[in-house]
Each structure stands twice: as structure tokens, then as C-alpha cells.
Amino acid sequence: MSAARLVPALVALTLASTPAFAQGQVTPAAATDAPRFARIFTDHAVLQRGRPIAVWGYAKPRATVRVTLGDAAASVRADARGSWRATLPAHDAGGPYALTATAGGAQARLADVMVGDVYLCSGQSNMEFPARLSTGAWSGLGAPADPGLRFVTITKASEPAPLADLRDAVAWKTAAPDTVGDASAVCFYMARSLRKTLKVPIGFVAADWGGTTIEGWISATALRTLPAYAPGIGQVARLASDPAGAKADDARRQEAWWDAHLAGSASQRAWIAPGFDDAAWPSISPAGSWKEAGIPALAGFDGVMWLRQRITLTATQAAAANSLLLGTIDTFDTCWVNGQRVGSGTANWATRDYPLPAGTLHAGANEIVLRVLGGGGLTGDPQARGIKTGDGTLIPLDRAWRYQLGARATGLSVAPAPWDVPNSLTTLYNGMIAPIAGYGYTLAAWYQGESNTAAARDYATLLPMMMADWRRAAGQPTLPFLIVQLAAYGLPRSEPGESDWATLRDIQAKVARADAHAALATALDVGDRFDIHPSQKSVVGERLARAARARAYGEPIAAGGPEALAVTRGTNTLAIRFRDAGAGLRTYGADVAIGFEACDATRCRYVPGKAAGDVVTLAVDDAAAVTRVRYAWADAPPVNLYSSDDLPAVPFELKVDAP
């Protein structure tokens, strides 16, 4: 998906770019005499019923750790680094229990732990979308607290190597009016629906990051098997073992690109140096695109702009600073502080949050230099720009920057480093999935793909790879996967054409259909062609719950909406047979089904359909020439074909069978 299409929608869901890496960090905090649990285990946690319960944590090296859950107990010896992992017997749903770990006379104790079903929810911003912004939240989130419905949100973490524990502390919470508003809306509505049906404790784990591509959520072991990704995976691995060297190599790569594509790049690097005299440069106070700054020279400018400013810090402030917040930048930027390169970004909707290593800043005047290639520059809120300290204080930057124009340019793009979020390789798996993979789950729900539409066909390989990867890491080879098919978004169409969004939807459906333990929840009809974040999340959650009932819990119901199985050619007709039509297909708002296309070797054309039972018939005079049929083949197609269960038909493209 082009970055431009994401701009309006992702502003509300501010996304931090890559945080500071815990370089090479495989085991987290150093073990102490007192045992502790891994961070996913907290008060109010829900553990998976019906299977042995894995519990792990840290203690004194070689210490014997006794773990208890209610009346069940297990003993295990910590390894030479203090890591331990115990397995408790399977429990039926119930609780609350105390979960304890005792070693050397010291004890860690977690209270109010339940046993029930646990759901892992992941993806990009439509999974991250908070319940408080969903349609119906005003009246629908005020129900009393339900002690049997709980959730935990995994803190965003992008890491070059797999972590054994989460980088940051998290907390399980009971779903209540004062907590659930910030929870994943889709995951909450799914869990709430299943809670009503199952009457057992339900917990959901949300590990999501808006704007990210699927490649970031796949392990290095899996992703490097694809030759196109192997070099990037090697660079990410080097970042874990030699961060300075990896970053220096990538900086050289990027600068070589600048020299090859933009005249004057080499000489303009003199503007980075601390103490450079920029007094003759004009001034700009960015509060949006530079084209809208009221400066004639910038009104139609696309290309390179350099920006410089100084900020004076006390010694205490300089020592406490840990990151530079610049907001959104249009589009490709590189940032230096006191001559030291601190980061770069490649998405015009992603908030820049650049880590500042110790020693980057000093007491007195500090110089910030930006080089931007694009058509807008610093587009975010000026009040959100500043130096952030360890205690969360923001030391604001001056609104005014000195600027100088470089070369004019359009249509150029700088390839990001393979660890740069949102287009990173494997780093989200390392930081957000690997540390919790063995927790034990009833199912995984996945809502992602918007950021992969520009290379939609690759998804046919990447999605099943990720599913197999997570199942392997979880030790659950049949873990059910529920896939949300992309909602409608984009410009309407009055004539047939190609669509990357439709291609990716078709791949999502085919992957789910080919996997005996997967199911598809269609969101096509609850999209918003003006907003990539449609707010009808309760509908999507309910459809995921239905898919879960069918695939994870074995109910004899259709997991989703009608899916086309085959197209048969008649004399002057094409007959499309569907499965999962319920008591029969229905059309809303008309006595014909819209969105069907009959395609020959050179073109596609719209053809209305007549639904009867589980078949849609298209009347086509030249049926003999038609080679394939498509349905809902557009970014944001209007549709009106449903099952008797009120589930929309799944978009498809099928070859026509012989009569």
C-alpha cells in the first residue's frame, strides 16, 4: 500500500518508529536470589486450560525452584544463567488461584490467576484499533466489570534477536469500563462474544503494531529460507552482535544511494557538521507540509530540504535525555545530532522517535540536522517535538528551523534498513512473539495485510509461513488461526480493473481454505472507503467469534460467509456454486447480485447475477469466450450477496470449468 493512502488514517493511531534496541539481549534482567516470573505472568492472568501449563522465569543460577498453582506443584532447577521453566499439569477452567515460585526461602506470588481459554491477537493497526473508538463504544463499553474476561497488551518492541522475556513489564487487567477502552477492539469483541457462549474464563493477549508488514512478524529461521530476504536477515543478525558496525554499514549504503541519485549530496554533507554557520539560511516553522507554509519557493517544491536548529540543555537534561521526538515527516529523512547519525525514516505517516545513545547530547548548545526527501517535511504537531528524558519529560524544540533546499526530485525512494519499523524483517517476532510463544493458546487471530498490498502476491508465501512459524514456536502444530479479510478501502470504481487489495483478499481466502485449522472472517462490507480504520469493529469481532466456534471449538456451523467453489459454463450462462450459503443465498437491496465480472482473454465486464439456493447464475451471451469470473474485485467494492446467516460472500477469482 502506498504511504500516501495511509496518511489520514494513521494519524490518530500514532506509531513510534523503531525503539532503542536491546542489542543481543536473549535473556533479560540478571537473575537474583529471589525468583521471579517471566513478564507475561502477572496478577489476574489467565492460563490455558486443558493442556499442560508452562511457567517460566528467573532465579539464582542452579537454584531449585518450586512452582505451585493451587494444589498442583512442580519443581525444576534453574540453569547456569538463572533461567527456569516448569510444567504444571493440565487444569480445567476455574480459579482464582495463587501462582507461586519459591527458591532459597524467597517466594514470588501472583494472585487472582484464572484458568480458561487464551487468545493471541496480532496484526497491524486494525487489530490495534482501541475499543473506545469503535462504533457503539459510547453505550457498549459501560457494562459492569467481568472478572472472567481479562486481557493484556504487549508493549511494542522491535528487537534484532529473539528475547526470552518481554522487554517491558505488562499487566493483565479485568475487562471493565475503565480498562477496556484501550484494548484491541476486534479482540475484545471476539472474546466477549465467546465468553457469553462458553461461560469459562477468557483472556486475550494483544501483540500488534500499526502499519507494520507481515515480514516483521516472522522468525529469522523461517524468513531466511526465502532468498529475497536472506541478506536483510543477515543484516538484522549483525545488528544484534555488532550494532555499531551494522548501523555504520547501513549508513554507508544509504549515503551511496544519495550520491548516486541526487546531485550535490556529497558537498551538502558539510551542513551536518556541528558549528556550521547557517545564519544566512531562511527560517520556517513547520506545522504541516512545507507546501502550505505560505513561502512561494516551497509551494510546488518536491525534493530535498535540509533543516537545522539548536537546543540548549543543562548538564542534568543532557544526561537524562534518551530520545528525540520529531513527529511525522514527509517522507524520507535522516537525522543527526551533534554530527552523530541517530536515525532515519521512510514512511510519511510514522512518528519519528529516535533513540539518543549516552553521550550524544551535552550541556550547552546541541545541534539537530535533518535531511528530508519528499514533498512536505515536518508535518506533525510542533508541540510534540522535543527531547524526551527517562522520566517522560519532553523538553520542547523551538518551532523555528533554518532550512536550505537541495535538489529537486520526484519519484525517488530510499530503501529502509531491514530493522526499521514499519518495514522491518523479523524484529517484531523477536520482541513481541518469541517471548510469549509458549504461553499456551486456544487460537490466534490475525488482522493484517494493508501494508502488504503493494506486493500482494508475496502474501501467498508469507502468510502460511507465519502461521507455521508461530505454531512451531508455540509447540501447537494445530493451533487454529483466524484471519480477518481486509475491509473495503479506497476509491470506488465504475469499470472493472485490477486491484492489489482484491488480490490480497483472494490470497487470504485461499490460505485459510487450504489450512484445515484456519478460518476466514470477512470484513469487506463493514469497511470505509475514506478511512483505512473502519470503526465497525464489533461486527468483525462477532464474525471472528463465529469462526472460532467452528474452527477452534468444533461447532457444526459455517465458519464464515459463502465461498465460491466452481464456475460451470452453460450455453448462455455461467453458474457459480457456493458453499456455506446456509439456507440459501440472499441479495440485499435488489433482486440481482452485483459485483460479478465475466472476463475473456482481453477484458472483464460487469454482469448481474441471480441467486437461488447455493448458486448464482450469470446470463452471458458469449459464455463460450469467458475464461474466468471475478467477484468484488476492487479496493472498495459495493456488495449485496449474503448467506442466510447474514454473512457476506467472499471475494474470489475462478477459472471457468467446462460444461
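The structure described here is a predicted model, in which local features need pLDDT of at least 70 and side-chain atom pairs count only at pLDDT 80 or more, while totals for chains, interfaces and linings use all residues. Residues are numbered from 1 along each chain as its sequence is written, and side-chain values use heavy atoms, with hydrogens and water left out.

Helices (H or I, at least four residues) and strands (E, at least two) are DSSP runs, numbered from the N terminus. Axes are lines fitted to C-alpha atoms, for helices over the stretch in contact, and angles run from 0 to 180 degrees between N-to-C directions. Helix α11 (residues 459-474) and helix α12 (residues 500-514) have axes that come within 9 Å and cross at roughly 40°; α11 and α12 are therefore oblique to each other. Their crossing is right-handed, a term that applies if the near helix is turned clockwise from the far one by less than a right angle, anticlockwise being left-handed. In contact (heavy atoms within 4.5 Å), Tyr459, Ala460, Leu463, Pro464 and Met467 of α11 meet Leu504, Ile507, Gln508 and Val511 of α12. This contact has eight nonpolar residues, one polar and no charged, where Ala, Val, Leu, Ile, Met, Phe, Trp, Tyr, Cys and Pro count as nonpolar, Asp, Glu, Lys and Arg as charged, and the others, Gly among them, as polar.

Between helix α6 (residues 230-241) and helix α7 (residues 243-261), the axes come within 5 Å and cross at roughly 140°, which makes α6 oblique to α7. Gln235, Arg238, Leu239, Ala240 and Ser241 in α6 meet Pro243, Gly245, Ala246, Lys247 and Asp249 in α7. The residues of this contact comprise four nonpolar, three polar and three charged.

Two strands pair if DSSP finds at least two bridges between them. Two bridges join β1 to strand β3 (residues 53-58) in the antiparallel sense, and Arg36 stands opposite Tyr58 in β3.

An open sheet of eight strands has mixed pairing and the order β28-β27-β31-β33-β24-β25-β30-β29. Its edge strands, β28 (604-606) and β29 (609-612), each pair on one side only. The twist averages 25° from one strand to the next. Within this sheet, strand β24 (residues 563-569) pairs with strand β33 (residues 652-657) in the parallel sense over two bridges; Thr568 stands opposite Asp657 in β33.

A search of the whole structure finds 23 aromatic pairs, counted when the ring centres of Phe, Tyr and Trp (its six-membered ring) lie within 6.5 Å, with planes under 30 degrees apart taken as stacked, over 60 as edge-to-face and the rest as tilted. Tyr489 and Trp501 form a tilted pair, 5.5 Å centre to centre with 50° between the planes. Tyr489 lies in the loop between β22 (481-485) and α12, and Trp501 in helix α12, so the pair ties together parts that are 12 residues apart in sequence.

Most residues other than glycine have a negative phi, and most peptide bonds are trans. The peptide bond from Gly95 to Pro96 is cis, with omega near 5°, and Pro96 lies in strand β7 (residues 94-103). The bond from Asp330 to Thr331 is also cis, with omega near 10°; Thr331 belongs to strand β14 (residues 321-337). Lys199, although not a glycine, has a positive phi of about 60° and is found in the loop between α4 (185-198) and β11 (202-208).

Technical notes. Parallel < 35°, antiparallel > 145°, perpendicular 65-115°, else oblique.
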